[in-house]
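I opened my notebook to go through one structure. These entries record what I looked up.

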Amino acid sequence: MLNLVLFGPPGAGKGTQSEKLIKKYNLVHLSTGDLLRSQIAAGTELGLRAKQLMDQGLLVPDEVVIGMIEYKLRENQEAAGFIFDGFPRTVNQAVALDDLLTQYNTEITTMISLVVEDEELIRRLLKRGETSGRPDDRDEETARRRVRVYNSETMPVADFYEKQGKYLAVDGIGEIESIFTAICQKIEQVSVKTQ
Ligand code: ADP
């Protein structure tokens, strides 16, 4: 199996690159942001509670997102592999993901980290907010809070994978296609090594 964690701050381009990667490697895309937004759209209790936090640029509780991922793994047992996008966002989530994958006799192959500097992220989030309709992209204060939350709560997840020898960084600034090529090169280096 090829199980990728696509890591990076809000606005780094994880969603865009995930779309391309799932096609190329025939993977199942698990984006906790998308899963939460579909709960909001469906008007579920979970969605209503998550929305209040998401709109402010704060994280939803670990057990909520871990539960959603657990469900999706169970539902997709025939998958060739997964891309985890926007998850894990805390070390607690990363530990839970390792445990879940162990239950299916598999593991994370590698983490690909898209590196983009903070000011570029703010620009991208506000630009996306003009068309996405996402409340968390609409104003600068919320965008900045999301980047801050990323730097304090999510960055340690990179160390977690680094310690396992599974951290690979890719420059997230440039053309979508050239970033995609750089990601694929990294993946192919790792898959050759693990074969
Ligand atoms: P982006 O693609 O801009 O990084 P996402 O769509 O991944 O944003 O996430 C949007 C919001 O959903 C986050 O700011 C957070 O409130 C919530 N969220 C998504 N994934 C997680 C997660 N793994 N843990 C906690 N909260 C999450």
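I noted the ground rules. The model is predicted, so local features need pLDDT of at least 70 and side-chain atom pairs count only at pLDDT 80 or more, while totals for chains, interfaces and linings use all residues. Residues are numbered from 1 along each chain as its sequence is written, and side-chain values use heavy atoms, leaving out hydrogens and water.

**Ligand.** Next I took polar contacts (N or O atoms within 3.5 Å). Arg 37 places a polar side-chain atom 2.8 Å from a ligand oxygen atom. Leu 58 uses a backbone N or O atom, 2.5 Å from an oxygen atom of the ligand. Val 60 also uses a backbone N or O atom, 3.1 Å from a ligand nitrogen atom. The protein covers 96% of the 550 Å² of accessible area that the ligand has on its own. That area is a Shrake-Rupley value with a 1.4 Å probe.

**H2 and H4.** Helices here are DSSP runs of H or I with at least four residues; strands are E runs of at least two. I checked H2 (residues 32–42) against H4 (residues 62–75): their axes, lines fitted to C-alpha atoms, come within 11 Å and cross at roughly 95 degrees. That makes H2 roughly perpendicular to H4 (65 to 115 degrees). In contact (heavy atoms within 4.5 Å) are Thr 32, Leu 35, Leu 36 and Gln 39 of H2 with Val 64, Val 65, Met 68, Ile 69 and Lys 72 of H4. By class I found 6 nonpolar, 2 polar and 1 charged residues.

**H5 and H8.** The axes of H5 (residues 91–103) and H8 (residues 156–163) come within 8 Å and cross at roughly 40 degrees. Val 91, Ala 94, Val 95, Leu 97 and Asp 98 of H5 meet Pro 156, Val 157, Phe 160 and Tyr 161 of H8. This contact has 8 nonpolar, no polar and 1 charged residues.

**Backbone.** I found a cis peptide bond joining Phe 87 and Pro 88, with omega about -5 degrees. Pro 88 sits in the loop between strand E3 (81–85) and H5. Asn 26 is not a glycine, yet has a positive phi of about 55 degrees. I placed Asn 26 in the loop between helix H1 (14–25) and strand E2 (28–31).

Note on methods:
Axes fitted to C-alpha atoms, helices over the stretch in contact; angles between N-to-C directions. Nonpolar A, V, L, I, M, F, W, Y, C, P; charged D, E, K, R; others polar. Polar contact = N/O pair within 3.5 Å; in protein donor to acceptor, adjacent residues only side chain to side chain. Parallel < 35°, antiparallel > 145°, perpendicular 65-115°, else oblique.
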